Amino acid sequence: MSKPGALSPSLETMAHLLGAEGLHLEFPTKVVFDGVSLGIDEGDRIGVVGRNGDGKSSLLRMLAGRTQPDAGRVTVRGGVHVGVLDQGDTLDDAQTVATAVVGDTPEHEWAGNARVRDVIGGLLGDIPWDAGVRDLSGGQRRRVALAALLIGDHDVLFLDEPTNHLDVEAIAWLAAHLKSRWSASAGGLLVVTHDRWFLDEVCTRTWEVHDRIVEPFEGGYAAYILQRVERDRQAAAIEARRKNLARKELAWLRRGAPARTSKPKFRIDAANALISDVPEIRDPVALQSLAIARLGKDVVDLVDASVAYNGTTVLRDVEWRLAPGERTGVLGVNGAGKSTLLGLISGEVPPTGGRVKRGKTVQVASLSQRLDELEEHLDDPVRVVIGRLRTTYTFGAGSKATELTPGQLLERMGFASAQLSTPVKDLSGGQKRRLQLLLILLQQPNVLILDEPTNDLDTDMLAAMEDLLDTWPGTLIVVSHDRYFLERVTDQQYAILGGHLRHLPGGVDEYLRLRERERTAPSGAAESAAPASGLSGADLRAAEKELSSLERRMERLEKQIATARTALAEFDQTDYVRLGDEMARIGAWESERDDLEATWFEVTERIG
């Protein structure tokens, strides 16, 4: 007899796509899973999170039939087709882009399929159709592999780190495509990724892999964080450090993470209760005060700076004055000039026009995509590498400053005690990345440049890195395709468009709109979303000054509005007169902000 409320056998069969029962998997030195049972139903979009090494990719491979469990079984409903995107590169170098994506299918067949056209347009628009696979970059190869998978007729998709090597635009397109496709079909989706924005945007359920089990949570990443904080709170002292970081992240998500306040994905009352005693993630006043003390008022000024290589201008007329304590993210397509801009700031790239002025006390340090800082330490244990620099380190500002030993610092970045004696060469990619960041921070720079810092890090370690950066006083410049990280650690964003540096008051969403405008502009129109204008000389400088003033005023109003809306929760909800007056005041600020934004767009158009 069926249990009350259970689906009838026929309906249950219809809804179920794939199931696993009693999965056990172990390697010679480790049991990865023990007695895991779970399933994927029609309409499921599941994100898989967990620490590196806990078995996320192993779970995906077992469910996809790529790895056989030591015990238990995986069953797939009859007629269900499964597609898999591997984490590694499996493309055939001998193929062209066309054959890798559509094989021998005649053009009139695949060109008549709306989904195929959408995938090719969304992922391969800037990749030559007849190019050889062997000649593609890592990001281009990832797009080709994704396109080849997405045009197939699969009922269940398994994606292992699908956003690796993709830029912000490609990630946004992929998220929109998967949401649209799986909202309109009865298929299922399982995604292993460290991209928290992607998880929150795409997934309706979350599986956390930890301690040999798979723990299910309802909702995307933000909802998962809420439920995890509640779980850890109930467990009291268990995983206290992880609990505190998760609560801090929940506070950021609840109090104003970009693009989340308008569509909350977890219960507001429950979230507010759990973060009631969590302070703001950063103390901007204390950090800026300390940054000024370390830097002075002059950091790096780019004045009409331009850079050209072999007659080709990469950056033109860049006007940017970095302030002490400024935290800025930089966006742009590959080849737009992001690395050149970072080189101008660090001094590694000289301007071919204009000038770069640096403060006398500026000390720039860069976290590059390479691991050059570790080359001379490969045979040394981690503890020795850190211990050579100093015996104690101070993080934070003022009364919140904390003094840490090398061991405490390493523990804060997720190194277990046993790993402190491990030679650097034997560390995983994520561990090397964390050690690289620590070595740079311990040089005590006051200007820090991070170029794609999230590579090889799981969600817990990303939260730990963000926590560490929250207490770092100095000017921070970040280039990253990880949208969540970029929005989390920076307070403003800029984009390089057509060689021009452009401020983005609307953040990443505004950047994506500008890039869409670029793509849809008529042939022969402006070369970028920042086309040349008729302004020059004094008129141009006056317009740029006006733009800067408008941005500061909009930012100040946004803070006033956010503070006032938060304070509404403390009002007596029966005092309608006072509530009405406060809402009117907030409404006036919002109207002023909207007017300023309209003026900002007018000035932007004049400047180009």
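Predicted model: local features only at pLDDT ≥ 70, side-chain atom pairs only at ≥ 80, totals over all residues.
Visitor: How many helices and strands does the chain have?
Guide: There are 21 helices and 20 strands. Residues are numbered from 1 along each chain as its sequence is written, and side-chain values use heavy atoms, with hydrogens and water left out.

Visitor: What share of the residues count as buried?
Guide: Of the chain's 608 residues, 50% do. Buried means under 20% relative accessible area, exposed means over 50%, and partly exposed is in between, using a 1.4 Å probe and protein chains only.

Visitor: OK, which residues touch the most other members in the largest nonpolar core?
Guide: That core has 101 residues, and Leu124, Val144, Leu150, Leu178, Phe198, Leu435 and Leu448 touch the most other members. Helix α7 gives the most to this core, 9 residues. A nonpolar core here is a set of buried Ala, Val, Leu, Ile, Met, Phe, Trp, Tyr and Cys residues joined through side-chain atoms within 4.5 Å. Apart from it lies another core of 26 residues, including Phe33 and Val192.

Visitor: What is Leu448 in contact with?
Guide: Leaving aside neighbours within four places in sequence, its contacts are Ala365, Ile440, Leu441, Leu469, Trp472, Thr475, Leu476 and Ile477. Contact means heavy atoms within 4.5 Å.

Visitor: Now Leu63. Buried or exposed?
Guide: Leu63 counts as buried because its relative accessibility is 2%. You'll find Leu63 in helix α2, residues 56-63. Not counting residues up to four places away in sequence, Leu63 touches Leu18, Ala20, Leu23, Leu38, Val74, Phe158, Leu190 and Trp207. Leu23 is 40 residues away along the chain, and the two C-alpha atoms are separated by 9.8 Å.

Visitor: Switching to helices: at what angle do α5 and α7 pack?
Guide: About 160°, with the axes of α5 (residues 114-123) and α7 (residues 168-183) 10 Å apart. Axes are lines fitted to C-alpha atoms, for helices over the stretch in contact, and angles between N-to-C directions run from 0 to 180 degrees. So α5 and α7 are roughly antiparallel. The cut-offs are under 35 degrees for roughly parallel, over 145 for roughly antiparallel, 65 to 115 for roughly perpendicular, and oblique for the rest.

Visitor: Which residues of α5 and α7 meet?
Guide: Arg115, Asp118, Val119, Gly122 and Leu123 in α5 meet Trp173, His177 and Arg181 in α7.

Visitor: And where do α5 and α6 stand?
Guide: Their axes come within 10 Å and cross at roughly 170°, with α6 being residues 138-150. That pair is therefore roughly antiparallel too. In this contact, Arg115, Val119 and Leu123 of α5 join Arg143, Leu146, Ala147 and Leu150 of α6.

Visitor: Last one: which phi does His165 have?
Guide: A positive one, about 70°, although His165 is not a glycine. His165 sits in the loop between β6 (156-160) and α7, and counts as exposed because its relative accessibility is 57%. Gln444 also isn't a glycine, and has a positive phi of about 60°. Gln444 is in the loop between α16 (429-441) and β17 (447-451). With a relative accessible area of 29%, Gln444 is partly exposed.

Technical notes. Helix = DSSP H or I, 4+ residues; strand = E, 2+ residues; numbered from the N terminus.
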